[in-house]
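Trainee: I am new to this structure. Please take one part and walk me through it closely.

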Amino acid sequence: MNDIYPNHREVYLEAIDKALEKGLAAKEVVCSITTGFRDIPSIRTAPGLNPYHASVADIGYGFDSVRGTIMRIQQGESISLAKDMLVFELDTLRISEKQLNPNFELAITGAKPDNFYLIEQSRYLNRQIAESIKEAIRLGKAFLGPEWKIIRTRIQNIQAIPRL
């Protein structure tokens, strides 16, 4: 990433980090609520609860991963595939975000009305998470320009490897 003007690079990396920071705060609350869903009898055994919980965890790991890469770049660490890592991590967040809502809706099917407040709060926070991911990706695309598509095409096969 040394070929990018340092000021230009810093502005974009900082903006991506700030977008994800907003999503991270929402994710922390969602994680707590999701854990609490296990105490609600009408949701505890819902078929989507475990995949939803896993999607929230994936997003948390993704936020940490992107933010870690940004920090390493900002600290001057020489990473030969820094751009590839950034695209891979942001695009993997996109994939995780796409799984969030369907798994959530499956998990809350049949929930009792006394849980609707938590459900609506979770929906709101899930939207905040999605918006922060979309903003970070928009910034990543603006930062890398045409290189984004080239790198994304190159990494798609890696993303297809299932996670254990």
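Mentor: Let us take helix 3 and start with its partner. Helix 3 passes helix 5 in a left-handed crossing. From helix 3, the contact uses Y52, I59 and F63. From helix 5 come S122, N126, I129, S132 and I133. Sorted by type, the residues of this contact are five nonpolar, three polar and no charged. This is a predicted model.

Now the geometry. Two packed helices are described by the angle between their axes and the distance between the axes. Here helix 3, residues 49-74, and helix 5, residues 116-144, have axes that come within 12 Å. They cross at roughly 35°.

Next, helix 3 itself. Helix 3 has 26 residues. From first C-alpha to last, helix 3 reaches 38 Å, close to the 38 Å expected at 1.5 Å a residue. After helix 3 comes G76, with a positive phi near 90°.

The buried residues of helix 3 include L49, S55, V56, G60, G62, V66, T69, I70 and I73. Y52, I59 and F63 are buried too, and these three belong to the contact with helix 5.

Last, the setting. The chain has six helices and zero strands. Its C-alpha trace spans about 55 × 30 × 25 Å along the principal axes. Of the 164 residues in the chain, 43% are buried. Among contacts with a separation of 6 or more, 79% join residues 24 or more positions apart.

Terms used:
Residues numbered from 1 in each chain as written. Predicted model: local features only at pLDDT ≥ 70, side-chain atom pairs only at ≥ 80, totals over all residues. Heavy atoms only, no water. Axes fitted to C-alpha atoms, helices over the stretch in contact; angles between N-to-C directions. Helix = DSSP H or I, 4+ residues; strand = E, 2+ residues; numbered from the N terminus. Left-handed = near helix turned anticlockwise from the far one by under 90°. Contact = heavy atoms within 4.5 Å. Nonpolar A, V, L, I, M, F, W, Y, C, P; charged D, E, K, R; others polar. Expected span 1.5 Å × (residues − 1). Buried < 20%, exposed > 50% of the residue type's maximum accessible area, 1.4 Å probe, protein only.
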